[in-house]
Amino acid sequence: MGLLRVMMPPKFQLLTLLAFAVAMFFLENQIQKLEESRGKLERAIARHEVREIEQRHTQDGQRERGEGLVGAGPVLGAGLPDAEDVVIIYNRVPKTASTSFTNIAYDLCGKNHYHVLHINTTKNNPVMSMQDQVRFVKNVTEWREMKPAFYHGHVSFLDFTKFGVKKKPIYINVVRDPIERLVSYYYFLRFGDDYRPGLRRRKQGDKKTFDECVSAGGSDCAPEKLWLQIPFFCGHYSECWNVGSPWALEQAKYNLVNEYLLVGVTEELEDFVMMLEAALPRFFRGATDLYKTGKKSHLRRTTEKKPPTRESTAKLQQSAIWKMENEFYEFALEQFQFVRAHAVREKDGELYLLAQNFFYEKIYPKN
């Protein structure tokens with residue numbers, strides 16, 4: 001006698017398969033939720049362990065120094081013996097919105113408790129003598145009464161490691177499209193700006209437009225006048241100030257990525273301010289709101305400035321000097337946009353900073 005085979009109707013087979021698929025989907029979903037919960041728990045435990053370790057280290061360090069425990073906000077270097085031993089140098093390039101940005105630092109220094117010092121060189125010479133370099137480095141590193149400090153001035157980059165300094169200052173800066181910067185400077189020398197409208201400027205009385213200057217081959221609008229941002233970042237080497245030097249261009253690039261915490265661009269100054277506030281709240285807490293709402297911090301504008309014609313722009317762009325300065329500007333812009341893309345997001349027309357996206361785990365020993 002053959003085996004009796006009971007065949008399930010196709011309809012019931014389909015329902016059984018469907019029920020099995022739903023059960024498997026539900027099970028996988030629960031497993032995924034359990035994995036996510038486990039990950040959250042591990043991160044919470046890791047954060048708790050880090051806080052305990054940091055607290056022990058802080059207490060041990062304070063006991064060694066004989067200090068009492070005090071509350072502290074999330075400031076740069078919090079809990080370290082040299083938490084207040086911070087110096088920022090902003091070696092500002094002329095006509096890059098440097099005064100607008102510096103005014104933010106002045107507005108915040110009283111509230112955030114740091115000092116602002118203007119580096120005023122004779123005739124705005126961006127190159128210091130050797131003896132002044134030594135004096136400046138000594139002041140910045142040893143003038144404890146002025147720390148924390150924000151130094152600013154039209155001086156070229158100075159490498160502190162050449163002087164045997166162990167702890168270097170934090171460099172920041174802002175760059176601008178080279179032709180736009182030159183046009184702004186050209187009219188600034190003739191008409192000033194709305195920051196100090198009564199101050200007489202060096203070229204006051206000269207009514208010649210920038211286009212007329214370019215057409216006549218004038219010295220104030222010559223391609224050589226574009227050579228400024230590269231030497232400011234290149235520094236105190238003689239080759240930095242040789243107009244059109246390929247070595248200076250490469251050195252400026254090297255310094256930008258290796259010696260500067262952040263280099264912004266004039267056209268996107270608000271993003272620069274926001275990122276500095278996130279990275280250095282000890283100095284820039286409240287800077288973004290101040291930039292958006294302040295009455296004076298970002299309102300400096302060159303008077304009587306007229307955009308150059310395409311012909312004037314094209315004539316300047318034919319020069320090798322413009323090509324090098326523009327290469328440096330685009331290099332700085334690309335680096336800034338790269339940093340910003342990993343720090344900021346836009347939603348509904350508003351910018352916001354990304355939350356912390358790393359944590360510590362497997363911290364040993366457990367004691």
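Buried means under 20% relative accessible area, exposed means over 50%, and partly exposed lies in between (1.4 Å probe, protein chains only). Keep that scale in mind as you click through this predicted model, where local features need pLDDT of at least 70, side-chain atom pairs count only at pLDDT 80 or more, and totals for chains, interfaces and linings use all residues. Residues are numbered from 1 along each chain as its sequence is written, and side-chain values use heavy atoms, with hydrogens and water left out.

Start with Asp 132, which is partly exposed because its relative accessibility is 36%. Helices (H or I, at least four residues) and strands (E, at least two) are DSSP runs, numbered from the N terminus.

Next, select strand E3, residues 149–152. Ala 149 and Tyr 151 point one way, Phe 150 and His 152 the other, and all are buried. E3 pairs in the parallel sense with E1 (residues 87–90) over four bridges, and with E2 (residues 115–118) over four bridges as well; pairing takes at least two DSSP bridges.

Finally, pick Lys 147 and Asp 85, both buried. Their side chains form a salt bridge of 2.5 Å, N to O, linking loops 62 residues apart.

Notes
Salt bridge = Lys/Arg side-chain N within 4 Å of Asp/Glu carboxyl O.
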